[in-house]
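Have the viewer open as you read.

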Amino acid sequence: MLTAATAWTALSSATSPPGTGSGGEANLVLPDLGTVSVMGGVSGRLLLGLGLVVCVLGLGFGMLAFVQLRRLPVHASMLEVSELIYSTCKAYLAQQGKFLMMLWAFIAAVIVVYYRFLIDFPWGRVAIVIAFSLLGMAGSYAVAWFGIRVNTFANSRTAFAALRGGPLPVHRIPLKSGMSIGMVLISLELLMMLVILLFLPREIAGACFIGFAIGESLGAAALRIAGGIFTKIADIGSDLMKIAFKIKEDDARNPGVIADCTGDNAGDSVGPSADGFETYGVTGVALITFVLLGVHDPIVQATLLVWMFALRAVMIVASAVAYLVNDAWVRRQYRTATRMNFETPLSSLVWITSGICIAATYATTYLVLGTGPTASHWWVFATIVACGTLAGAVIPELVKAFTSTGSRHVREVVMSSREGGPSLNILSGLVAGNFSAYWLGVTIVGLMGGAYLLSGVGLSALMLAPAVFAFGLLAFGFLGMGPVTIAVDSYGPVTDNAQSVYELSMIEEIDGIETELAQDDGFTPQWDRAKTMLEENDGAGNTFKATAKPVLIGTAVVGATTMIFSIIMGLTDGLTTGLQNLSLLHPPFLLGLVMGGAVIFWFTGASIQAVTTGAYRAVEFIRTSIRLDGVTRASEADSRRVVEICTQYAQQGMLTMFLGVFFATLAFAFVEPYFFIGYLISIAIFGLYQAFFMANAGGAWDNAKKIVEIDLHAKGTALHEATIIGDTVGDPYKDTSSVALNPVIKFTTLFGLLAVQLSVQLVDDGKHTLVAWLAAIFFLASLVFVYRSFYSMRIQSTLSDGDAPAEPRDDGDGTPDVVSVPHATTMDDHRLVETIAGDR
């Protein structure tokens, strides 16, 4: 095997402090950013200092929107519901915080063992990595808290605004909420990275960035996976009651509805906020790593770093300007309107932002890169980023073709359900998902192909492997209009909650409510109009939640290419030796390509299994506790119990899957370095298409149900029941498995950087046998968690009489095995259950 540890040392020796030894990215040292001078004589450090000002203004923009939302009028009955939702969200996030600290302690121990005892870093440098890993995780956690607080302000205000009968505020409130989250998230992430660049010693920057990225990835993986499981357990449990008891969607007597609303925030706000924070951070760290490893001239290194971070700051300004321009147009266009297509202003916002960001990209790139050694290439860099930014607008349009309520694919799902029921509904949704994966795949390949061609226009004079840097810049461009991407994604949970808050408040049944609203607020409520608008807006929210998913997963995959490159750089001594191992003729590389797909398919199955079992428990509890006679709403205790069930299975499923992925990463990194590279490439490619397919199939099923409810007014019919069943299939597809693949790909790639360095270090120290044993042990550990992800999460069955739940039983695996079999009433049914229960 190539003495790869020597290669790692060689790559970092020019910039590493004496005596630090190997350690890869943690040893990288930043160039002096003060040597950069842009047009007009402004220094690079001053320019990035202005970026700090932009970050502070961005945080102020978000906080101002937050305060404005809190001051909007709202009826006490709606406020009570939204505050109950927030209190359950707080309980969930507090529990997740404890869970995260447990995972962080585990990862911190690994960092100490690796950097202190194997790489021989001094304790001070190890402490830096650990501290910044905690900071990165805290950032993900903080934006998650901010997101649920903003959304739970906005949901009740949106519901109340709908009573006036005008669509404009019903659109503006959720979007303002989304922009508040987007601006705070992007500004906070950029602020943290600029502090590392500008105020910390250059010698420790590598350790800061790698720790920061690990913490972000850990936080995003935990919150995204657990949130996705939680929200779909609650959603399915609540939805199935509509069929079982013939009740309306957000019936206040259903104790699962509050859990569903909490899940909308846990899965569709907390998860995406943490995921978005990590995506922007890890992509930045990947590009920094490439620049320091692949670019030889320190002046060019410093110039490119200043350009990238200055461009990020400019994009925050561009997004704010685009939002204000679009808001002014929407207010003028719809000030007196009684109807509007809620998707139209969201689409216009995306396109306006894309246009402004592209113009800003060319202007900023010319100012920063238009002089010195990059003078003849500035337009190449700008065009590559612009292609990614354009994709941020084109990809949502493609997604809408498969998930929008106006999509032919979605209407095909409805038409097939009319005669074929749930079976054809599900088949048509699968068709939509598969077709979407094709077209989105072609688009991603086209963009990457264009970036590759542009990278051939002289960039090889500046760096090694310019195509890889071009792919990273493409991902950078995807994220260019970050605040708006987050905003349209966050629009969905607010519109979904607003509809639920309206129903749960039971405001129509309050005595004298019309007189009260006329006296206190000066309007007469338009009940039917309000409910229709809220449902239509929820459909738009569903569509734009779906549009953000491919942008994030596409970024993860394209960005992973850049991180994989840093591994290849170390193994090949700067692309000079061992390149033949990156070939199908090298068996370990080929086997790694095959193995990655297996892990992706296990992971998607395990996440759906966690939802299935949790939903079974939730349905069991709701079915036996729901009271439809003599009560107007479910008790708060019953609602909180459903939340507890969702939290329990979300955490158990997340922990099992996370440890399975973690030990698989260690095992495959220790098998053989080129096997691991093939594995990383494979999970990125399989994950990309699996995520596209699942996300858009789920989106098609979801909005097919909306068409039946809004356009056809067919609630309670057999057609409606068929679309509900399709939607419950699509729920874990679009909001659990597909979205969780994004942080899984990034965490695996990022943590794999450390694992493969450790592996080759031990081999070069002559410890081949130890490496082989560790690979076997780690693989067996991963198999244990793969096994537990089904057999410990499996729906266990015990017999009970009638509809009464069985007594609690525990088989020692930590999972409560309480199950009732309410429909096993005949002797044949009982024999079937006995057979199933005995064949575990």
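## A charge over rings

Over the face of which ring does R149 lie, at 3.9 Å from the ring centre? The ring is that of F153. The charged end of R149 also sits over the ring of Y86, 3.7 Å from its centre. Here, a charge sits over a ring if NZ of Lys or CZ of Arg is within 6 Å of the ring centre and within 35 degrees of the ring normal.

## How to read the values

This is a predicted model, where local features need pLDDT of at least 70 and side-chain atom pairs count only at pLDDT 80 or more, while totals for chains, interfaces and linings use all residues. Residues are numbered from 1 along each chain as its sequence is written, and side-chain values use heavy atoms, leaving out hydrogens and water.

## Aromatic pairs

The structure holds 35 aromatic pairs (rings of Phe, Tyr and Trp, the last by its six-membered ring, with centres within 6.5 Å; planes under 30 degrees apart are stacked, over 60 edge-to-face, the rest tilted). The pair of F106 and F662 is edge-to-face, because the ring centres are 4.9 Å apart and the planes stand at 65 degrees. F106 belongs to helix α3 (residues 76-118) and F662 to helix α17 (residues 636-671), so this pair ties together parts 556 residues apart in sequence. Both helices are DSSP runs of H or I with at least four residues, numbered from the N terminus.

F662 also pairs edge-to-face with F663, at 5.2 Å centre to centre and 80 degrees between the planes.

## Burial and the cluster

F662 is buried, with a relative accessible area of 1%, and F663 is buried at 15%. F106 is partly exposed at 31%. Buried means under 20% relative accessible area, exposed over 50%, and partly exposed in between (1.4 Å probe, protein chains only).

One aromatic cluster includes F106, F662 and F663, with F658, F670, F747, F751, F778 and F785.

Key. Helices (H or I, at least four residues) and strands (E, at least two) are DSSP runs, numbered from the N terminus.
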